[in-house]
Amino acid sequence: GFYNGPQTQGGTKYSITGDSLWIGSLPSNTCFDLLIRRKCATGDSSDWVGPIELCTPCGDIIPPYFENFDNLDTGLTGNLGVCWVAASSRPNVNNQFIFMTNKGYTPTNNTGPSGDAGTGRGTYVYAEASGGYSIDVTTLTTISSVDVTSIVNPELRFSYHMYGAVTSSLKVQANNGNGWTTLNTIVGQQQTSSTAPWIKTTVSLNGLGNRFKIRFRCDKGGP
């Protein structure tokens, strides 16, 4: 049996006589439950083994594309599961400086935000400044490329919240195969309280070619 999501009655069933099975036309970035059993003869079958979770990789990001991270749990780092990956310049240390998911207030006093940019109750991605050292960097990068072949004047729109006395910088960068190019840099504290509204901004993606990756880079700064 082959099921999308939790095991249920139904699903797609395949019978094979060899040791491999090709299943095509599956959607990207989607997980399935696979169950296997052996059938020796009519009425003579083994118990089901599974479910075994299989996930398809991320495909190219085709605009229009929207991501608000609301379907994610809090405290996630690394591969966030929505075709974005958070990384640290020093990944093998405790209390590292790295982008992670969160809801509500940030854990450090006098920093922000107090909630996400939408309803205030959703999930957002932030960098916790109490971890790491002043030289540390964290990035949030698309796993696959953005394909803007069919888009005239492509652009990236996002919201940011930068409240805290030691706030350093946030950079928006793109890589079309020739290295990372900085498209926009926001320096220093931008809000005056954790409850201040998020700021919306737009970055042009012209001149990058048809396919490229996007990343947000945050330099820690401070102690």
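Predicted model: local features only at pLDDT ≥ 70, side-chain atom pairs only at ≥ 80, totals over all residues.
**Notebook: cysteines, strands and a nonpolar patch**

I began with C31, and I noted it as partly exposed because its relative accessibility is 31%, which lies between the 20% limit for buried and the 50% limit for exposed.

**Entry 1, the partner of C31.** I looked for the residue bonded to C31 and found that C31 and C55 form a disulfide, with their sulfur atoms 2.0 Å apart. This pair links distant parts of the chain, since C31 sits in strand 2 (residues 31-36) and C55 in strand 5, and the two are 24 residues apart. I then read the angle about the S-S bond, which is 100 degrees, and wrote the link of C31 and C55 down as right-handed. For C55 I found a relative accessibility of 46%, so this cysteine also counts as partly exposed.

**Entry 2, the other disulfide.** I asked myself how many disulfides the structure holds, and the count came to two. In the other one, C58 and C83 are bonded, and their sulfur atoms are 2.1 Å apart. This pair too links distant parts of the chain, with C58 in the loop between strand 5 and strand 6, and C83 in the loop between strand 6 and strand 7, 25 residues apart. I noted that the torsion about the S-S bond of C58 and C83 is about -105 degrees, so I recorded this disulfide as left-handed. C83 counts as buried because its relative accessibility is 10%, and the limit for buried is under 20%. When I counted the bonded cysteines along the chain, the disulfides followed the pattern 1-2, 3-4.

G81 is partly exposed, because its relative accessible area is 43%. I then took the distance from G81 to S134, which are 53 residues apart along the chain, and found their C-alpha atoms separated by 28 Å.

Which residues make the nonpolar surface patch of about 320 Å²? I listed I36, V49, I52 and L54. Strand 5 (residues 49-55) gives the largest share of this patch, three residues, and V49 is found in that strand.

Stepping back, I counted zero helices and 16 strands in the protein chain. The C-alpha trace spans about 70 × 40 × 35 Å along its principal axes, and the radius of gyration is 22 Å, while a compact globule of 223 residues would have one near 17 Å. Of the 223 residues, 35% are buried. I noted an accessible surface of about 13,400 Å² for the chain, with 49% of it belonging to carbon and sulfur atoms. Finally, among the contacts with a separation of 6 or more, I found that residues 24 or more positions apart account for 67%.

Methods
Residues numbered from 1 in each chain as written. Heavy atoms only, no water. Patch = residues over 30% accessible without salt bridge, like charges linked within 9 Å, V, L, I, M, F, W, Y side chains within 5 Å. Areas by Shrake-Rupley, 256 points an atom, 1.4 Å probe, with all protein chains shown as cover. Salt bridge = Lys/Arg side-chain N within 4 Å of Asp/Glu carboxyl O. Helix = DSSP H or I, 4+ residues; strand = E, 2+ residues; numbered from the N terminus. Buried < 20%, exposed > 50% of the residue type's maximum accessible area, 1.4 Å probe, protein only. Disulfide = S-S within 2.5 Å. Rg over C-alpha atoms; globule rule 2.2 N^0.38 Å. Contact = heavy atoms within 4.5 Å.
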